[in-house]
Structure formats: C-alpha cells, structure tokens
Amino acid sequence: AGELNEKKRNQQLLEQYKARREEALARKLEKEKRKQKLLDQQLKLAEQAEQLRLQQEAAKKKAEDGDKKKRRRRTKKGKGGDDKQGQGQQQQQQQQSQQQQSGGGGDKSKGKRKRRKRGGGGN
C-alpha cells in the first residue's frame, strides 16, 4: 500500500513539474517576443532618424550650393566695367534700410505705423 501511494505521489509531482516547466517556457517565449518587438521598434526609429538626417544634410548642401551660385553671380555682375546704375541702387537700398532702422526718418506714411496695443484688462 505504501509503494502505491509513493508511485501516485511521484506521478503527481512529475505532472506538476511538467506543468511548471511548460508555463516557464511560455513566459520565456513571451519575454523574447516583447524584447524582439522592442528591438524592431528601436531599429525602425534609428532608420527614420538616419533618413531624416540625410534629408537635412541634402537640403543644407543644396542651400549652400544655391548660396555659392548667388555669390558667383553677384561677383560676375560686379566685374563688368562701369556699373554706375547698380551702385546707385545699392546706395538707395542702404539709405532705405537706415531710415527703417532709425524709425522711418521724415517720411511718416500712415501705412507703416504700428498700432498701439492697449493694456485693457479683460475682467
């Protein structure tokens, strides 16, 4: 009778052990899946960041190239002999910018005045 009880006990322990091992394996697989998903997300973000960086670099390079071309054009115009008309325009632009900085000078047109904001507290 004692041997029979011992066999039943061992059988139950074996079943419990198998069930626990199965649960542990399932938890381990879930953990691996979560970890892999996280890594995939990080990789995707890193790739997006790299693409964005490359786009920004390309845009910056394009802008710099455009600036270089503009500079070249300006220098080519400046080299061409007597360019009195261009100099006159430059002087006019400088005068206009100085007037704007000093508050408009003597020419006070109503369109350029800024409206005064009143500090009337609401309630």
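Two helices and zero strands make up the secondary structure of this protein. The model is predicted. Of its 123 residues, 1% count as buried. Two salt bridges turn up in a search of the whole structure.

**Surface**
- The protein exposes about 13100 Å².
- The buried share of the 123 residues is 1%.

**Helix 1**
- Helix 1 covers residues 2-79.
- Glutamate 50 and arginine 53 both lie in helix 1. They sit three residues apart, about one turn of the helix.
- Glutamate 57 also lies in helix 1, as does arginine 53. These two are four residues apart, again about one turn of the helix.

**Salt bridges**
- Glutamate 50 pairs with arginine 53 in a salt bridge. The closest N and O atoms are 2.6 Å apart.
- Glutamate 57 forms a salt bridge with arginine 53 as well. Here the closest N and O atoms are 2.5 Å apart.
- Through shared partners, the salt bridges join Glu50, Arg53 and Glu57 into one network.

**Exposure of the network residues**
- Glutamate 50 has a relative accessibility of 35%, so the residue counts as partly exposed.
- Arginine 53 has a relative accessible area of 37% and is therefore partly exposed.
- Glutamate 57 is at 42% relative accessibility, so this residue too counts as partly exposed.
- The partly exposed class lies between the buried limit, under 20% relative accessible area, and the exposed limit, over 50%.

Key:
Residues numbered from 1 in each chain as written. Predicted model: local features only at pLDDT ≥ 70, side-chain atom pairs only at ≥ 80, totals over all residues. Heavy atoms only, no water. Buried < 20%, exposed > 50% of the residue type's maximum accessible area, 1.4 Å probe, protein only. Areas by Shrake-Rupley, 256 points an atom, 1.4 Å probe, with all protein chains shown as cover. Salt bridge = Lys/Arg side-chain N within 4 Å of Asp/Glu carboxyl O.
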